[in-house]
Structures are given as structure tokens and as C-alpha cells.
Amino acid sequence: MSPLPNILTLLKLHRSTNGLTDEELELIASRASVVTFDADSHLHSMDNPFADLLLIISGAARIWIPGADELPHTVQMIGRSNQFGLLALFRDDQAPVNVDITQNVTGLTIKRQDAIELLNQVPQWHRNLLGALGMRLHQAFTPKRVGHRPRLIAILHASEEYRILSSILIRRLRSLGENATAISDNETTLATAGHSISLLDSHGQLRNPNEIRSEASAWISVERCFLDVRLNTNTEYLAEVLQDADAIYCCFDSNVSRETENLLSELSECYPTVRNKISLVRILRSVQQVAEPLNNMHSICRGDFKIHWDGFGQSRHTTRESGIERIVRHLRGSCIGFALGGGAARGMAHLGVLSVLDEEGIPVDFLSGTSAGALTGVPYAAGYDSAWLIETFARDLKPDKRYGFLPYGDAWYMIGKFRRGGWEEMLRSHLSNWTLEQLIIPFTSVTADLVTVEQVHRSRGDAANAILESINLPGVSQPICRDGLALVDGGILNNVPADVLVNQGAAFIVAVDVAAKIGHSFVGNTPATPTEEMNIPSMFQTLGRVRAAQDRNIRKMGAEDADLTIEPDVSAFQLTDFQNASAIAHQGVIATRKVLPQLRAFLKQLDPELFPYA
């Protein structure tokens, strides 16, 4: 293992030292010590407080407090060039928060009394730290939820064919007003950045990492630095240059996926500090709708991006540009998530919502869904066009003619669909055996487990099974029993799963609630219907109405984390009206068009450069 860089070099990388003299830097360095914290470890709690000042050089941590339901409520994410412990220097009691390490942290610690003395001796350092703290407090108490923005970004390339991706990202960030620099072994990448450092010396040999680190320390005011390098570079050298990276993106296609998986596994096993920093960037060619399945790579990765390099089909979310922009939003901490609620056939309105988003260029970075939300959201996340899905659902879920001769024929058709395995056959015809990890847009389904009476969130595993579990209607179909779980429709516990998207990293969350509006009519009965004229509902209609009443009240639980809610008025449609998918989807279009100005204004507030809407 290569030695850690010296304290002075690390100190120069922290923005609080901007504008300090060499003498002041040396004074602070003389009182500092290098410290590292592993991911998933605890930095601070009331029971085990951290009493010193920590300057974070690389990595990230989460500040949280217990919520009303005793679950962790994230107050803020802190990372490179942030600090923890400054406020505690001025008071005797400890901060009533918890701090957990989310990415391996390298930092500098200064003992409490030493830090107090240094703040008095170096006023400029004091002002810099207070200024940064003020910005953090402003972010913590303003409505918008901004994700962590990594400063040092490493891009590892398994193939030279897609090396241009680094240049595209640098140009895009510079077009947004960012000062992006590059450290690379590639001339094209170096020429793209405003300032650059070559990884190679005049003889084409790799330079000493500490020499490069010392040279880059002059970029103290730079917002972004891209480290662009080949994946097959010597493993020890890679580990050395990657140790300071805030985020690592590994770019490859299916031709080299196995070799890439082996190299990343070797890197993470030998140098665990890179774990939880790596995101995959998988290049899909023209014939690939979804990504190839991987073995164990997701266990060492925190993100998985797909780029249709040649585009795919007619969907606007399967273009090269849309894939690259997802990475850009991730880098800027401005990812958008949509939570799709349950509601049986009324959930076809989700497809109308998604069609407007495509038409208007509103991005979708994360999706979650319960019941009908999973039924519509998973195929969309797999790259299917919303218009095609509307036609397909209407066709595939149209009752046979024989059901037209039966009372409540559409209800009996749905019951048969559950009990004879018709849902799985239909889903497999479009989703095959794809997994959720292979989908273009990350998707999390919500199911209820009757054993523990808890929610089950699926973001991995068989995509069709995730839907089948989430739509499994109690009373109509038996629970799906596997792995110690008895799974039924997730809507009984969380019908609009916006809360799921918070932990996924969404900075702005939109909930789509198709159960918000329930008409005062049930099987033709209204509050004014005389007793002798009232219609008697079928078992399925009764179960459906009970479920709709539950959904209306339960929806508030998961949707509390939504920044905006879209509420299509689908009260005129029955829960079995899948053959009317087009008309139901149109209600989603109407509702989305209505809130579109508000949505654009919110996104502009979130990231004015990225979403410059009027």
C-alpha cells in the first residue's frame, strides 16, 4: 500500500485554506493528523460524540436525526471540503445529530483546543470555515433537496472506443458554467478541459501520484476535476490515484463486461477504499434494449447508468443524450424521481403522465411504484415507449368475448387472470427474464409481506416477479410465498412510494396519485339513490372499492416526501377498465399539463443552469 500524502498536501486540497499564506498553512498542518473512516461506520452520536474538528478531504457522510416514526431522517449530506465539529467548538454540549460515513472518508483532524487557538491565529481560515458553514445551513433549511456534488471524478475506460465520453461530460459541465479540469493519459481529454495535467511524463510513462497530487493542489478553487484513465492500468497505480476520488465511473460495453467485472472485483478486493464510490456506465448498442446481466458487480457498485449509444426505438428516454444527461444530473446532485401509485386500471394514467414528460423533456432518473405503478413503471424503465404501452395494455387486458355475456364479466376476467397465471404469461412476453438491474432507469417496486407486516422494496432481481408481487391483490389471489415472505399488493402499506426515492438519491420527487380523487358513485349507486333502487356490487367490485378507500387514506404516508403531486381524475373509471387504457392515460396527460408550469418552476429553483425554464 502506498503511503498517504503528507498533511500539507491534503490541507491544500480543502477549500477552507483558500487565500492562506504558506506560513498559515504550515501552522495549521502542524496541529493536524490524517484520519480515515470506512463506509458504513459511525462518526458521531450523542452516546459516542466526535469532539474534534474534522476537515473532509475525500468521501462523504450523512447527518441525520430520528424522525417521528423513529426512522432516520436525513438532514444533509456532507463531502469533500466540508467539515464537522466547527459549531461544537463554541459550545460545551454536543450536537443532537447522528453522522454516518456513506463513502470512505480521508480527512484531517485537529484537537478541539488546538482548533480554537488556530481560529484566533488565522482569521482568514476562520472566515472561510464560517462562510462554508453558512452555505450548508442555508441548504439544510431551504425546501430543495440537493444531492452531493463530487469534486474529483474518476472515469475508468475499459475500451478506447468510448473514451470521448469524458470530453462530452467536461464540455457539458463547462457549458453550465462550471470550471472543469482534467488529469488524463489521453490528449483529447486534456485538450477539452480549461486546465489539465497529464498522467504521463515526456517518455510516455506514468508519473508519480504524489507529484500529480501536489501539482493539482493549486486548483483549490476548481469546482470539478476529472481523472480520466484506462481501466487496465496497473492495479496498484489505479488504487493510488483513485483514493482521493469522490466518485468513480467505469465505462464499458457488453464486449468487455466479463473482463471489466474481473478487474473491478480485483480492485475492490485489494483496495476496499474504492468500494461504494464506483458507478457503472454501460454502453448499449443499437440492438440492445436493456443491459446484459452481470454476476456480482452490483455488490461493489453504488450506481448503474446505461447509455444507448446508437439510440433505441422511438422512446426519448433511450437516446444517447438522455443517458449522458442522467450522469450530468447525478454529478450536479439534481436527480429527479417519480413515484407511481397503485390503483388497478386507473394506474394507466401513469402512462399519460410519462408521455408528457417525454414530450416536454422532463427527465426521469429514478422510478418507484406500487401495484399499478409497478405494472406501468417497470416496462417504461425497460425502454418501452409510453404510447406503445398504452396500446399494449389495452390489447393484452381486453376480456374475451365470452366474458361479455357474464354479469360483471370484466371482474371475472381479472380474477381469472390472477388465478390462472395470466399476468405472468403477459409480462414475460414483454420482459422475458430481465432483472431490475438491467433496466435503463433504476426502478424500485413496493410489496407487502404478511409475515412481518412490513414493506418489501425490490430494486434487484427478476423484473416480472417484482410486478407480480406488487399487484398481488389480497382476497383475489393467494400470497406469493418465497424466501420466508408472504407477499401481497404493496398498496396495503405504501400506495404512493415517494419516500423510497429519498434513499435512492432523488433531489426532487414527484408523486403520481391515481387514488386521490374518488367519485361519490359505486356500481351506479349515489348518495341520492333510494334503497329499493340500489345495485348490489359483486365480490370483486366490493374488494376494489374497499381497496380504493384504503388507498385514499394510506397514500399520504409514503407521499409525504414528494415535492409535487400529480392527481389525475380517474374517478369515472372502474378498477377493471384496462381496455380503456387510452382514455385513462389521457387523464394523466390532462393532470400533468395542468401542473407543468409549477413543475418547471420547481426544477428551475433546483438547478437554474440545468433547468433554465421560463
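Buried area is the accessible area, found with a 1.4 Å probe, that two parts lose on being put together, summed over both. In this predicted model, local features need pLDDT of at least 70 and side-chain atom pairs count only at pLDDT 80 or more, while totals for chains, interfaces and linings use all residues. Residues are numbered from 1 along each chain as its sequence is written, and side-chain values use heavy atoms, with hydrogens and water left out.

The protein is divided into three parts: domain 1 (7-140), domain 2 (152-312) and domain 3 (334-525 + 532-606). These bounds come from an automatic or database domain assignment.

| Property of domain 1 and domain 2 | Value |
|---|---|
| Separation of centres over C-alpha atoms | 28 Å |
| Area buried between domain 1 and domain 2 | about 1300 Å² |
| Part of that buried area from carbon and sulfur atoms | 46% |

Across this boundary, 14 residues of domain 1 are in contact with 18 residues of domain 2, contact meaning heavy atoms within 4.5 Å. Between domain 1 and domain 2 there are zero salt bridges, a salt bridge being a side-chain nitrogen of Lys or Arg within 4 Å of a carboxyl oxygen of Asp or Glu.

Leaving aside residues up to four places away in sequence, Ser257 touches Phe252, Leu294 and Met297.
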